[in-house]
Amino acid sequence: MPVHELAQLTWEEVRDLDREHTLVVLPVGAIEAHGPHLPLDTDVVIATAMARAGARRLAARGQAVVILPALAYTAASFGAAFHGTLSISGITVTALIVDLARSLSDHGFQLLALANVHLDPEHLTALNEAVKLGRVDRLLPIIFPDLTRKPWGARLGDEFRSGACHAGQFEGSIVLAERPASVRDKIRASLAPNPSSLSQAIKAGKRTFAEAGGPRAYFGDPAAATADEGSRWIEALGSILEEAVSAEI
Ligand SMILES: [Zn+2]
């Protein structure tokens, strides 16, 4: 089956889709500081790559899929003090996703899947709330594989598992694979690893990257990133999306 980008279609082409059997994927990113070497839209780039990889896999199994334009704004309070980070409240994000799900339901689509790698706690709460509210309102099912929950995170390598994972080897590799021109590569190669674990800092009640031990808004090992590794992580993220959706249809 082909994968469509919804925004590139005309309304008559959408009318003629078998919408009852068509999945919708929404990439959800952020505009947030990602070290001195990656652009603010890093999570948008990664979520879009995840959405496309997941859609390709589902389409190969005969599933019709459309991908929505990415949602670029969300809660990003950990990075809010860094220039350029645009953090909005989690309530706004929940409301926006539920409203989108309502509109997609009205048009008769089968299911909405969220492709997301932005792990700010307020943001994750917002997405999980949208899933719940969609259920309460009997909208189309909203599927959200939360990478901080089992079994997903264990598949994304040592750095991801350690929690020292923001603009490091994992995310840097994916941006190198997906949009290499936007990586400030000389700076990236010069950065010392930062092994401070964001996930442990969050558990300990820290609320910003600086408090968590990331004064330049990166965690992990940016210099170790490679495009080859990034391609593998994109496929791993795509297979997580594929599996989470397949469990629901
Ligand atoms: Zn990120």
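Select helix 4, residues 121-136. Its 16 residues reach 23 Å from first C-alpha to last, close to the 22 Å expected at 1.5 Å a residue (1.5 Å times one less than the number of residues). Helices (H or I, at least four residues) and strands (E, at least two) are DSSP runs numbered from the N terminus.

This is a predicted model: local features need pLDDT of at least 70 and side-chain atom pairs pLDDT 80 or more, while totals for chains, interfaces and linings use all residues. Residues count from 1 along each chain as its sequence is written, and side-chain values use heavy atoms, without hydrogens or water.

Now go to the start of helix 4. Asp-120 caps the N-terminal end, with a side-chain oxygen 3.0 Å from the backbone nitrogen of Glu-122. After the helix comes Arg-138, with a positive phi near 55°.

Next, colour the buried residues of helix 4, among them His-123, Leu-127 and Val-131 (buried: under 20% relative accessible area, 1.4 Å probe, protein chains only). Their cover includes strand 2, helix 3 (90-106), strand 4 (111-116) and strand 5 (142-143) (contact: heavy atoms within 4.5 Å).

His-34 sits in the loop between strand 2 (22-28) and helix 2 (42-60), and Glu-171 in helix 6 (residues 169-178), so the pair ties together parts 137 residues apart in sequence.

Finish on burial: His-34 has a relative accessible area of 1%, and Glu-171 has 4%.

How values were computed
Buried means under 20% relative accessible area, exposed over 50%, partly exposed in between (1.4 Å probe, protein chains only). A polar contact is a pair of N or O atoms within 3.5 Å; within protein, one must be able to donate a hydrogen and the other to accept it, and residues adjacent in sequence count only if both atoms are side-chain atoms.
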